[in-house]
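Reader: I have just opened this one and am new to it. Could you walk me through it, starting with how a pair of helices meets?

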Amino acid sequence: MAQNGFLVCSPLMAETVEEMLSQMQHAKDVGADCIEIRLDCLNGYATTDLEQLLKARVLPTIVTYRLKSEGGKYEVDEKKRLDTLRLAHELGADFIDVELQVAFDFVSRIKDKKSSNCKIIVSNHISGRTPSTEDLSHLVVNMQSTGADILKIVTTATNITDVSRVFQLIPHCQVPIIACVTGDRGLISQLLGPKFGGYLIYGSIGSGKDSTPGQPKLADLTGHYKIGRLNSDTKVFGVIANPVGHSKGPILHNQAFRDAGFNGVYVPLLVDNLADFLKVYSAPDFAGFSVGIPHKEAAVTCCDEVQPLAQSIGAVNTIVRRQSDGKLIGYNTDCEGAISAIEDGLKGETGSINSGSSSPLAGRTFVLVGAGGAGRALAFGAKQRGAHVIIANRNYERAKSLANSVGGEAIAVEQLNSFRPETGAVLANTSAVGMQPNVNATPLSKEALGAYTLVFDAVYTPRETRLLREAKEAGKIVVSGLEMFIRQAIGQYELFTGKPAPTELIRKIVMKDF
C-alpha cells in the first residue's frame with residue numbers, strides 16, 4: 001500500500017488458471033498492491049478454478065465475475081454467477097466486486113456471514129459517456145445505500161474535461177471510492193487518482209489482453225510515475241497534445257522531479273480544445289504544461305500574458321500558472337532549443353562560409369519544412385541569426401504567411417525534391433512526417449539532400465528518422481530532434497520549478513530511455 005493509503009491493482013484477465021497464476025506473480029514482482037481476478041475471462045470456468053486461485057494468491061485479491069453489460073464477458077446463468085461470488089466470500093477473498101443492480105440482494109444475503117476481512121465493492125459501469133456532476137452525485141448516494149464498503153464508478157471520456165467531474169466527486173463520497181474514466185482521454189483519472197483521494201487505481205501487466213483504453217501499464221505506474229509518492233499537495237504538470245501517446249516527457253520530467261525532491265507529477269494530456277481544457281482545469285495545483293501539436297499557436301490566445309519572443313513567434317510551447325494570481329504565462333523554449341542545437345552542429349564544420357559571424361547560421365539558406373508551432377519557432381530563430389529562410393508547407397498559404405513574417409520565401413511542399421538551394425544550406429523538418437507509426441515516411445528524397453550541409457529533424461520518435469538516416473548516408477551533418485527536446489526541456493524544467501535544471505541528469509535520461 002502506498003504512503004497515502006491508495007492501492008495499485010493489476011487485473012488478471014487470462015483465459016486459463018495457469019496463465020493467471022503466472023500473471024499474479026508478475027504483478028507482485030512489478031509492484032502491484034493487489035490483484036483483480038476476472039473470472040469471466042476464464043475459458044470453461046469451474047469452482048475448483050476459484051479455489052485454486054485464492055489458495056495460491058500472493059497479494060490481496062478482488063474477485064470479479066463481470067457481466068457483459070457492465071464491460072465484462074459473462075452473459076449466461078445469473079444465479080450461477082452470484083453463487084460463485086458468494087463462494088468467493090466463503091473462501092476468504094479480500095474483496096468482492098458486485099454490480100449495483102444486484103448489490104442490495106447480494107449484501108443482504110451475506111450480511112450475517114460477512115467476514116470483517118472481506119470488503120464488498122459495489123460497482124457501476126457507464127458506457128460511452130460521463131454523466132453530469134449532479135447525476136454522479138445521485139448515483140453515489142444510491143450506491144452508498146447498499147451498505148457497500150467501497151464504491152466503484154467507471155465512465156467513458158469523450159473529452160478530457162469529463163474527468164474533472166469524477167475528480168470533483170471523490171472528496172464528497174462518504175466511503176472509499178474507486179473512480180475510473182476509460183478511453184484515451186480518461187488516462188489521467190488513473191494517473192492522478194491518488195492525488196484526489198481515490199482508493200485504488202488499475203495498472204495492466206501489459207499482456208495485451210488486459211489492456212483497456214485509458215488504463216496505464218503497471219510498470220509505468222510503479223516505474224516512471226512512482227505513483228506511491230503522490231499526495232494532495234503534488235503539483236500537476238503535463239504535455240498537452242493530440243496525439244500525445246508518443247511523448248517521452250513523462251519519462252524525463254518525473255525522474256527529474258524525483259531527483260530534485262520536487263513534489264510534482266508530469267502526465268500526458270490528450271486535449272481536443274485547449275481553451276476548454278484550461279478553463280476546466282484551472283485549480284492552482286494544475287501548475288504548468290508543455291504544449292505540443294496542434295495547440296502551440298492557439299496557446300498564444302489562451303494565456304493571460306505571453307513572453308515577447310513567444311508573442312513574436314506566434315507560438316507557445318510552455319505554459320506556467322503564476323502562483324501569486326493564477327494567471328497563465330506563455331513561453332517558447334523551442335526556439336532556443338532547436339537553433340542552439342543546429343548552431344552547435346554547424347560549428348564543427350570545416351571551412352565555414354561564415355566563420356567570422358557570431359552565428360554559423362548567418363548568411364546561410366535555411367529551408368524549413370512545416371509552418372506549425374515548432375516551424376514558427378525555428379523560422380524566427382533562424383531569421384534572428386541572419387539566415388535566409390525558405391518555408392515549405394502542405395498548406396501553401398500558411399507557408400506564405402510565415403515567410404512574410406520573417407522576410408523569407410515560401411515554396412509548395414511538392415517543390416522540395418526539385419528545389420536546389422545554395423551550397424551550405426540547412427534543412428529543418430518540423431512537420432510530423434516520419435513520426436511513429438509512419439516511420440518510413442520522409443519529407444524529401446535522399447537524392448534531394450545534395451546541397452544541404454546539415455539536416456535537422458524535430459521528430460524524435462523514432463530517435464533516428466528515415467530523413468536523418470539518409471542524410472547521414474549522404475555524408476551530411478545530422479542533428480536529432482532529441483537535441484531540441486533536451487534543450488527545450490531544460491528550459492521548461494526551470495520555468496516549472498523555478499530552480500536550475502539538472503542538465504546532466506536530463507541528458508542522461510534522454511539518451512538512456514528514449
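Author: Gladly, with the caution that this is a predicted model. In the pair α2 and α3, the residues Thr47, Leu50 and Leu54 of α2 meet Thr84, Leu87 and Ala88 of α3. By class, that contact of α2 with α3 has four nonpolar residues, two polar ones and no charged ones.

Reader: And how are α2 and α3 placed, parallel or perpendicular to each other?

Author: Helix α2 covers residues 47-55 and helix α3 covers residues 78-90, and they pack at an angle of about 30° with their axes 11 Å apart. Angles under 35 degrees count as roughly parallel, and α2 and α3 are therefore roughly parallel to each other. The crossing of α2 and α3 is right-handed.

Reader: What about α10 and α19, at what angle do their axes cross?

Author: The axes of α10, residues 249-260, and α19, residues 503-513, cross at roughly 140° and come within 10 Å. Because roughly antiparallel would need an angle over 145 degrees, α10 and α19 are described as oblique to each other.

Reader: Let me step back to the whole chain. How many helices and strands does it have?

Author: The protein chain comes to 19 helices and 20 strands, and its C-alpha trace spans about 90 × 50 × 40 Å along the principal axes. Of its 514 residues, 58% count as buried. If you take the contacts between residues at least 6 apart in sequence, 69% of them join residues at least 24 apart.

Reader: Switching to strands, where is Thr64, and is it buried or exposed?

Author: Thr64 has its place in strand β3, residues 61-64, and it counts as buried because its relative accessibility is 0%. Leaving aside residues up to four places away in sequence, Thr64 touches Glu36, Ile37, Arg38, Leu39, Asp40, Leu85 and Asp97. Between Thr64 and Phe95, which are 31 residues apart in sequence, the C-alpha to C-alpha distance is 8.8 Å.

Reader: And why does Tyr331 count as partly exposed?

Author: Tyr331, found in strand β14, residues 328-331, has a relative accessibility of 22% and so counts as partly exposed, given that buried means under 20%. Beyond residues up to four places away in sequence, Tyr331 touches several others, including Gln307, Asn317 and Leu495. Its C-alpha atom is separated by 49 Å from that of Met20, 311 residues apart along the chain.

Key. Residues are numbered from 1 along each chain as its sequence is written. This is a predicted model: local features need pLDDT of at least 70, side-chain atom pairs count only at pLDDT 80 or more; totals for chains, interfaces and linings use all residues. Side-chain values use heavy atoms; hydrogens and water are left out. Axes are lines fitted to C-alpha atoms, for helices over the stretch in contact, and angles run from 0 to 180 degrees between N-to-C directions. Helices (H or I, at least four residues) and strands (E, at least two) are DSSP runs, numbered from the N terminus. Angles under 35 degrees count as roughly parallel, over 145 as roughly antiparallel, 65 to 115 as roughly perpendicular and the rest as oblique. Buried means under 20% relative accessible area, exposed over 50%, partly exposed in between (1.4 Å probe, protein chains only). Contact means heavy atoms within 4.5 Å. A crossing is left-handed if the near helix is turned anticlockwise from the far one by less than a right angle, and right-handed if clockwise. Ala, Val, Leu, Ile, Met, Phe, Trp, Tyr, Cys and Pro count as nonpolar, Asp, Glu, Lys and Arg as charged, and the others, Gly among them, as polar.
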